[in-house]
Amino acid sequence: MAEAQPSSHAGVRQYFFIVKEEVSSDWKDLAFHLGFERADTDNIAGRNRDDKSRCMDLLEEWLKRNGERATIEALVEALSEAKLQSTVDRLEKITISDCGINNNNGITHFLCLIPAVFQEAVKGFYELRLTKFKPLIWNDNFTLTLDDIFTELQLIGTRQQRPNEQRRKLNSLDDLFKPYVTGLLTTPRCFLIEGEAGGGKTTFLSKEALDAVSQRTELGRRHDIVLLIRLREVRKGETIEEMVWDQCVPETTEGVDVQSIRAILQRNESRVLFLLDGYDELRPEARTAGQAIPKLLNGKMYPKSTIVITSRPSAGVQQHTQPDCNVNIMGFSPDNMEKYVQQYFSITEKPGQAEGLITMLKEQHPVVDLIHTPIFLMLVCLLWEEDPNMVSNGTMTGVYSDLLTCLGRKHCKREGVDMPTDDLPTDLADALMHLGKLALEALLKNETLLDVSEVERKHVNWQLLLNLGVLSLEVSTSKLHPRKQLNFSHKTMQEFLAGRYVAHALASEDTSVDLLQLTSITKAHEHREMLQFTCGCDSRAAKAILKELSKLRSAEFSNLEDIFDKFKILSNPEKSRLSESYKQFVLLCLDLLTERKELDVLQDFRETLPIIDLVNFPDRRRRAALKFYLENCPTSCLPDRMIVGMSRISFEELEETFTNPVPGLRLDLTVAFLPPPQPSEMIWLVSVLRNVPCLRALKLPLTKLTTMSLLPLVEALRDMPLLEELDLSWSGTLGDYGIHILKKGILSVPHLTVLRLKGVDMTADAMSSLTSFIRRLERLTILDISVNAIEDVGLESLAEILPIFLGMKELNLRMTSISAAGMRTLVPALRHLTGLIKLDISYNEDIGDPGVTCLAAILSHFKAMKVLMLRGTGITDTAISTLMKDLPAELQVLDVGNNYIGESHIVSLVQTLCHPSSMNMEQDRADEEGMATVPLHNTTLQRLEIGHNLGMTTKVLRKVIQLIRSLPSLTRLDISSYLWAKLTDADALVLADSLPRLPVLKQLFMANISLDRAGFQAVVQAAEEHPNLEALTYSEDCLPDGVDASSRCLRLQRGETVFL
């Protein structure tokens, strides 16, 4: 090389990867011509496990020995002398150096050329493959363009919002780059797009790819390199670069291979867009930690790139990354349905048929509940085209069964044979059953393609199935894994044929449900659609599936009553997880019932779901299944409890579900009215509830009931004699007159065990009047009258009747304007409530030391107490020192925030809590050395609130962040400073190191605590990496200059938050 390029180590090292990959086992030949002795090569061989590693070690050693003399020219010369001409040729084609540097050895530097070639190759490849598609493989004449799709998107959450916290419709993915839409302060990196089976995820992502390479979208304008990767084609061990070469560029593209792709991606990382299609179809072995796709998702590879990934819900993307934006494909709106139908029949040149189908859909035919997804609407159009009478079924199984009949007719017509009246021709039926078995085997391996050679080995007549139209033959587009393969018309077709086979096998009674390999409820979710088809095909199969799910439910939700315990005092992470999982399990079971609404399966459905828990009423198909169950099963088969939370928009669904009386149903109903209900709405609500005479719980929080809207409710209480829970909290417009109306209704519900009247604007007079009625509720276990100005006078009336309620478990007197005098009246009554679990007297500052000291004297009586809330009660060191002597041993929650506790007593309190054996022992004031002593672990305490105390200074914070390591069960911790505290970077690192030792922590409050930039970043990073931490609350005024405040868990706060 006549003109040498810059010979920095970084320059020549960039070629090492290519040389290592090419030379491999010939590394010793190269070593000889680079000047290495036999002893050197033996040493290199001994310290590396394979030839590629040895070659890389050799090159690094050569670079280290030769310094400035280790140039690309010298390396090429050694390669030539070692007769490794193929490597020299490769270096001539590829460069990862700067443009415009010439050489005489023929190494042309393509940095500017190769990316351009690559981009054009990708664009041309997509335009050729993606612009048009044939969704009906049996109909070559039916072709759609990607511009024909009608997809509705909905943003359901961001990394700073919980899912469903603020749903909003999106016009396109471009909206996700608008901060006022997402609430994100930085550009999102990862978008998760979820949709149900047949929802059009693959088609949508294909359109995004085509639009992006043409720069018609914001995604395209922000990215130069757009890479669409079908995850079902990915194998274990493949690198990202191999996937790109395999799927995104034609094999004939000059100068582009795996090595050059790696160089291009590395140099253009921030301008790279990965479109990952179908995470739910990614093979299990390619999902494990250390594989390329998980590493790309979690940012270990190409962290500056942008990712859009599609999946069916609950496939597990979140185990690798916390998406910045979570989007749901909603399918078709009514308007889009109509457009699609018109378009379908326009393409098939039968426009006259469109009007009839549109009319039927507008009449809310049962099938309309299916067709919000493109695949099912297309199949309905196909069936309508063949025979309008075939569009008669409102189940997925019915649509696909009719489709098989339709395809069978067409096949028989082509072949000139008669179509049997009761089934498919024997040869077709046999081939489809064999194909169903192969479809099942593939699904259990999370595969959607069948190798032709494997199908032939099983003696399946796949040519017949090709002619039928349920399969297509294609040569794999994968260059890494070329093969002839059979592709189903859609994944739902594969699931239908598999379910059909399973139903046949189970109905024959010579096969058990074990063939489904349902080892867990997670597995059942993975095969949800196949299970639906199985149940839809045969009632015996449905019963067998439900029995198996019942066994799984018993194993994974062994104590449902405990999970849904109405007396749960605080959030338990494990119970919360189980509760959410069970809600999803309920929806799964309802999906199965939608496919087989028959009386035979109701008993099995009941045994599978002893408790039904729903957030809002489900969609109409699930609601119809639920209604069928409630109205057709005997009282003995009803669930033990049915729990429903709903909003105003669900009223119609409530009425549809309970059009007829359901005697014996123990319903827990929560209704959130926003804005407040009109009297007519309450009349309507209670009229519906009369069909549920065994209503167990009625919760109307935040409804802001007026006296006029309360009247119909009080009247209705007469028809709810078995009511056990009543919650009218935050009806601030009720006032004393509303309480006067309510107290008469209380007489109608003698079984009431829970009464919540938080924030109803009740005064002492109303409280005194109400107690004479409450005293008749002998079973009362929870009483919440917080945020009402009942004062000491009202408290005196309550104290008179409290001893009646020997089963009382929770008493909430937060913010009730009571004083130390009131506490002296209350405490003698509390002594009778030995089973009390929770007591809250927070935000009553006049209680002070005398009131809490009075309470501390009887704490030893409360052996069951788990929650003690004393926030903002005006206490100082005097009360806290007394309190520490008799803290309940099983205490799970202690809140003493917003008080005047001093430095040493805060540390003593935390030490006492950290050391369970120190409970009930006198506490000595800690000296300077003793303050930092780390005691034994306390695995009971789950929530500790000591923030905003007078003694929460820098010195105390340093002690506390060391001590909290001994509280591994904490889910919530408030260590906010009183006015302002400063922690050094070293202190912040101690806190960051402590967070992993609090594995279930969900909320951390750090208001008024100042951290420097490095310390702040360390704490935030630890919070980001924490598996359960949802919120790190930090004062906005304390943010270091220039830091990134867009962390998913960071919550910025102005001023002090009052927890009601």
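Strand β12 (residues 484–488) has four of its five residues buried, so it is largely enclosed by the rest of the structure; here buried means under 20% relative accessible area, exposed means over 50%, and partly exposed lies in between, computed with a 1.4 Å probe on protein chains only. Helices (H or I, at least four residues) and strands (E, at least two) are DSSP runs, numbered from the N terminus. β12 pairs with strand β10 (residues 449–451) in the antiparallel sense over three bridges, where pairing requires that DSSP finds at least two bridges between two strands. Within this pairing, Leu450 has Leu486 of β12 as its bridge partner.

The model is a predicted one, in which local features need pLDDT of at least 70 and side-chain atom pairs count only at pLDDT 80 or more, while totals for chains, interfaces and linings use all residues. Residues are numbered from 1 along each chain as its sequence is written, and side-chain values use heavy atoms, with hydrogens and water left out.

In strand β5 (residues 190–194), five of the five residues are buried, so this strand too is largely enclosed by the rest of the structure. In a regular strand the side chains alternate between the two faces of the sheet. In β5, Cys190, Leu192 and Glu194 point one way, whereas Phe191 and Ile193 point the other way, and all of them are buried. β5 runs parallel to strand β8 (residues 306–311), to which five bridges join it, and Glu194 has Ser311 of β8 as its bridge partner.

Helix α33 (residues 735–746) has 12 residues, which at 1.5 Å a residue should span 16 Å, and because its end C-alpha atoms are 17 Å apart, the model agrees with that expectation; the expected span is 1.5 Å times one less than the number of residues. The buried residues of α33 include Gly735, Gly738, Ile739 and Ile741, as well as Leu742, Lys743, Gly745 and Ile746. These buried residues pack against α32 (707–716), β17 (725–727), β18 (754–756) and α34 (764–774), contact being defined as heavy atoms within 4.5 Å.

Two loop residues deserve a look at their backbone angles. Most residues other than glycine have a negative phi. Asp761, in the loop between β18 and α34, has a positive phi of about 65 degrees although it is not a glycine, and at 47% relative accessibility Asp761 counts as partly exposed. Gln215, in the loop between α10 (201–213) and α11 (218–222), likewise has a positive phi, near 60 degrees, and with a relative accessible area of 45% Gln215 is partly exposed.
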